[in-house]
Amino acid sequence: MAHNLSQCRLLVKKAVAAGAKALFLPEASDYIAPTASETVSLAQPASSSPFVLGLQASAQEHRLPINVGIHEPSPKNQNKVINSLVWINEEGQLEHRYRKLHLFDVDIPGGPILKESNSVEKGTGIVAPFSTAVGNVGLLICFDLRFPEPSIALRRQGAHIITYPSAFTVGTGKAHWSALLRARAIESQSYVVAAAQVGSHNEKRASYGHSMIVSPWGDIMAELGGEKKDEPEVAVGEIDLENMEKIRKEMPLLRRTDVYPEI
């Protein structure tokens with residue numbers, strides 16, 4: 001975790017140098033463990049986690065809001081953690097927290113077995129979008145990307161930007177990552193910011209990378225690569241809320257809630 005904190009602090013400095021108004025970091029930025037038991041044993045409350053406290057100090061020092069994925073102990077089950085996404089404001093305060101709704105459980109005969117539910121307790125609700133220097137932000141995480149309903153609900157509640165910090169597997173990333181991100185942006189007519197883990201974590205896990213910023217029209221505004229570099233990279237994009245509103249006005253999405261339920 002100390003290494004990951006140093007990498008994140010470097011990204012803070014790069015973001016500040018690039019003139020960014022906020023920094024979006026990946027899912028599970030504190031650590032990715034090789035086993036469920038180690039995932040649980042490493043989790044610490046945000047209030048005492050050196051990783052979180054370190055980022056709070058960096059946010060305050062540089063007056064830069066930070067959105068970051070972390071693990072927290074489950075208050076209900078000592079054998080599980082919470083996959084959380086927190087918003088640290090420019091004063092270093094942990095202001096918002098979202099808990100991942102959809103867990104990645106895959107068991108393919110003769111293929112990979114990944115069961116996030118073995119160590120992670122699923123979230124129970126959507127967090128309403130909140131105002132920031134870059135617009136109203138709605139929080140989602142990784143596997144939530146495969147479900148359009150939460151992003152549509154966040155758009156209805158006023159989101160301008162929807163996040164998908166991730167640690168996508170390489171195979172599913174090659175097949176679906178870009179297509180899903182563009183789809184969520186187009187159908188919600190919102191900016192999508194997807195900070196992604198990249199490269200090998202341990203002998204069991206590697207992530208696809210390709211962090212991406214997508215416009216409300218579905219254009220890929222910025223994209224990083226799929227190979228781990230000597231230093232972490234940042235992608236920068238301009239959030240143009242006037243253009244977003246223009247898209248929403250000229251292509252109105254009038255839902256038939258008389259036929260199907262409102263999300």
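## Basis of the model

Helices (H or I, at least four residues) and strands (E, at least two) are DSSP runs, numbered from the N terminus. By that assignment, cysteine 142 lies in the loop between β9 and α4.

This is a predicted model, in which local features need pLDDT of at least 70 and side-chain atom pairs count only at pLDDT 80 or more, while totals for chains, interfaces and linings use all residues. Residues are numbered from 1 along each chain as its sequence is written, and side-chain values use heavy atoms, with hydrogens and water left out.

## Packing of α1 and α3

Two packed helices are described by the angle between their axes and the distance between the axes. Helix α1 (residues 2–17) packs on helix α3 (residues 50–62) at an angle of about 15 degrees, and their axes are 10 Å apart. Axes here are lines fitted to C-alpha atoms, for helices over the stretch in contact, and angles run from 0 to 180 degrees between N-to-C directions. α1 and α3 are therefore roughly parallel to each other; angles under 35 degrees count as roughly parallel, over 145 as roughly antiparallel, 65 to 115 as roughly perpendicular and the rest as oblique. α1 passes α3 in a right-handed crossing. A crossing is right-handed if the near helix is turned clockwise from the far one by less than a right angle, and left-handed if anticlockwise.

On the α1 side, the contact (heavy atoms within 4.5 Å) involves Asn4, Leu5, Cys8, Arg9, Val12, Lys13 and Val16, which meet Pro50, Phe51, Gly54, Leu55, Ser58 and His62 in α3. By class, the residues of this contact are seven nonpolar, four polar and two charged. In this scheme Ala, Val, Leu, Ile, Met, Phe, Trp, Tyr, Cys and Pro count as nonpolar, Asp, Glu, Lys and Arg as charged, and the others, Gly among them, as polar.

Glutamine 7 is also placed in helix α1. With 24% relative accessibility, glutamine 7 counts as partly exposed; the class lies between buried, under 20% relative accessible area, and exposed, over 50% (1.4 Å probe, protein chains only). Glutamine 7 and glutamate 233 are 226 residues apart in sequence, and their C-alpha atoms are 9.7 Å apart in space.

## Nonpolar cores

A nonpolar core is a set of buried Ala, Val, Leu, Ile, Met, Phe, Trp, Tyr and Cys residues joined through side-chain atoms within 4.5 Å. The largest one has 35 residues, and those with the most contacts inside it are Tyr98, Val137, Leu145, Tyr164, Phe168, Trp177 and Leu181. At least two residues of this core come from each of β3 (81–88), β9 (135–139), β10 (161–163), α5 (170–188), β11 (191–194) and β14 (212–214). A second, separate core has 18 residues, including Leu23, Leu25, Val52 and Ile70.

Leaving out residues up to four places away in sequence, valine 137 touches Trp87, Pro129, Phe130, Thr132, Ile161 and Thr163.

## Helix α4 and its surroundings

Helix α4 (residues 148–156) and α5 have axes that come within 9 Å and cross at roughly 35 degrees. Their crossing is right-handed. Pro148, Ser151 and Arg155 of α4 make the contact with Arg184, Glu187 and Ser188 of α5. This contact has one nonpolar, two polar and three charged residues.

Within α4, Pro150, Ser151, Ile152, Ala153 and Leu154 are buried. The elements covering the buried residues of α4 include β9, β10 and α5. Glycine 158, whose phi is positive and near 110 degrees, follows α4.

## Positive phi and loop positions

Cysteine 142 has a positive phi of about 40 degrees although it is not a glycine. At 7% relative accessibility, cysteine 142 counts as buried. Histidine 210 is another residue other than glycine with a positive phi, near 60 degrees. Histidine 210 sits in the loop between β13 (206–208) and β14, and is buried with a relative accessible area of 19%.

Glycine 226 is in the loop between β15 (220–223) and α6 (241–250). Its relative accessible area is 26%, so glycine 226 is partly exposed. Leaving aside neighbours within four places in sequence, glycine 226 is in contact with Val198, Tyr208 and His210.

## Arginine 97

Arginine 97 belongs to strand β4 (residues 94–99) and is partly exposed, with a relative accessible area of 32%. Not counting residues up to four places away in sequence, arginine 97 touches Ala46, Glu72, Ser84, Leu85, Val86 and Val127.
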